[in-house]
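Here are some notes for a colleague who is opening this structure for the first time. Please keep the sequence and the 3D view at hand while reading.

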Amino acid sequence: EENEAFQIFPNPTNGEFIIQTENQSERIVLYGNDGKMLLEKAFSDRNYNVDSSELNTGIYYCKIVDSNGNVEVKKIIIE
């Protein structure tokens, strides 16, 4: 069984979502479905709140880079 580096909840969301990581993370990047980077944020906590209220409804992708350089991408749906 493969461990996931992070969780996003609630997903789908309509206002704010939380990214919870297993390890301390260095960077979060949020992309639109078109591949355009919408947010890049450095953080050192295991939880990060993202305000998505100004984003259009649709599918987005969240990439996390942890302190070991590992990368994981997850899909998030904004309603």
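1. F17 touches I8, F9, P10, L30, Y48, N49, V50, S52 and I76, leaving aside residues up to four places away in sequence. Contact here means heavy atoms within 4.5 Å.

2. The model is predicted: local features need pLDDT of at least 70, side-chain atom pairs count only at pLDDT 80 or more, and totals for chains, interfaces and linings use all residues. Residues are numbered from 1 along each chain as its sequence is written, and side-chain values use heavy atoms, with hydrogens and water left out.

3. F17 is also among the residues with the most contacts inside the largest nonpolar core, together with I8, I19, I28 and C62; this core has 14 residues. A nonpolar core is a set of buried Ala, Val, Leu, Ile, Met, Phe, Trp, Tyr and Cys residues joined through side-chain atoms within 4.5 Å, where buried means under 20% relative accessible area (1.4 Å probe, protein chains only). β6 gives the most to the core, three residues. Strands are DSSP runs (E, at least two residues), numbered from the N terminus.

4. β6 and β7 pair in the antiparallel sense over eight bridges; pairing requires that DSSP finds at least two bridges between two strands. Y60 stands opposite I76 in β7. Four residues lie between the strands of this hairpin, and G69 takes a positive phi near 90 degrees.

5. Which residues form the covered face of β7? They are E72, K74, I76 and I78, while V71, V73, K75 and I77 form the uncovered one. In a regular strand, side chains alternate between the two faces of the sheet.

6. K63 lies in β6, residues 58-66. The C-alpha atoms of K63 and R27 are 8.1 Å apart, with 36 residues separating the two along the chain.

Methods:
Buried means under 20% relative accessible area, exposed over 50%, partly exposed in between (1.4 Å probe, protein chains only).
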